[in-house]
Amino acid sequence: WSLGTRLVEIETAEENAFIANLTIASQAKFPNSASGTGDSFHGWNDVVWIGVTDLTEEGVFYNPSSRTLAPDVFWQAGEPNDALGGEDCVFLRTDGKWWDAQCHQYNEPFICEMPGGERVIPGPAANAIGK
């Protein structure tokens, strides 16, 4: 990443709630950031991609930058389920729940962080928001 950022890696319940609330705040500022594309998740505008994947080993979700296992407490009931096959990426909803999805299927906003967690950058916004 040219800014030295990565998709946010959520490690605690507090951080998960912070990112969910940041997603709500960014919706207010950019209300049509995802829903106008025609390929957002079920037409929702309440999700963001986070840095969790199981690309290396199916069913083992981890944070690729830090190489740590992702917490397993934030999943929506029934998730992860790999329902469509190849659901190797994860997004977070404003309710704080995680869902697995195909990485290429949905054009959704994302949240990045700089190593050390100094700042959080919600995409597609250009402004960084202090953590």
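Mentor: Let's start with the words we need: helices are DSSP runs of H or I with at least four residues, strands are runs of E with at least two, and both are numbered from the N terminus. The model you're looking at is predicted: local features need pLDDT of at least 70, side-chain atom pairs count only at pLDDT 80 or more, and totals for chains, interfaces and linings use all residues. Residues are numbered from 1 along each chain as its sequence is written, and side-chain values use heavy atoms, with hydrogens and water left out.

Trainee: Which elements does the protein chain have, and in what order?

Mentor: There are one helix and nine strands. From the N terminus on they go β-α-β-β-β-β-β-β-β-β.

Trainee: Where does Pro 80 sit?

Mentor: Pro 80 is in the loop between strand 4 (68-69) and strand 5. Look at the peptide bond from Glu 79 to Pro 80, too: it is cis, with omega near -10°.

Trainee: Why is Arg 67 called exposed?

Mentor: The relative accessible area of Arg 67 is 74%. Exposed means over 50%, buried means under 20%, and partly exposed is in between (1.4 Å probe, protein chains only). So Arg 67 lands on the exposed side. You'll find Arg 67 in the loop between strand 3 (62-63) and strand 4, and its phi is near 60°, a positive value in a residue other than glycine.

Trainee: What makes Met 114 partly exposed?

Mentor: Its relative accessible area is 28%, again in the middle range. Met 114 sits in the loop between strand 7 (110-113) and strand 8 (119-123). Its C-alpha atom is 6.4 Å from that of Arg 6, although the two are 108 residues apart along the chain.

Trainee: How do you know that Val 47 is buried?

Mentor: Val 47 comes out at 2% relative accessibility, under the buried limit, so it counts as buried. Val 47 belongs to strand 2. Contact means heavy atoms within 4.5 Å, and by that test Val 47 touches Phe 91, Leu 92, Arg 93, Glu 108 and Pro 109, not counting residues up to four places away in sequence.

Trainee: Why is strand 2 described as largely enclosed?

Mentor: Seven of the seven residues of strand 2 (residues 47-53) are buried, so the rest of the structure largely encloses it. In a regular strand, side chains alternate between the two faces of the sheet. Here, Val 47, Trp 49, Gly 51 and Thr 53 are buried on one side, and Val 48, Ile 50 and Val 52 on the other.

Trainee: How do you know that strand 2 pairs with strand 5?

Mentor: Strands pair if DSSP finds at least two bridges between them. Five bridges join strand 2 to strand 5 (residues 89-93), so they pair, and they run antiparallel. Within the pair, Val 48 stands opposite Leu 92.

Trainee: What makes a set of residues a nonpolar core?

Mentor: The members must be buried Ala, Val, Leu, Ile, Met, Phe, Trp, Tyr or Cys, joined through side-chain atoms within 4.5 Å. The largest core has 16 residues, and Ile 10, Ile 19, Ile 50, Val 52, Val 90, Leu 92 and Trp 98 have the most contacts inside it. Helix 1 (13-29), strand 2 and strand 5 each give two or more residues to this core. Apart from it lies another core of seven residues, including Val 47, Trp 49, Phe 91 and Ala 101.

Trainee: What lines the largest pocket?

Mentor: On a 1 Å grid over the protein atoms alone, a pocket is an open set of points where a 1.4 Å probe fits, with protein on both sides within 12 Å along at least five of seven lines; lining residues have an atom within 4 Å of a point. By that rule 14 residues line the largest pocket, with Leu 7, Ile 50, Gly 51, Val 52 and Pro 64 nearest its centre. Strand 2 gives the most, with five residues.
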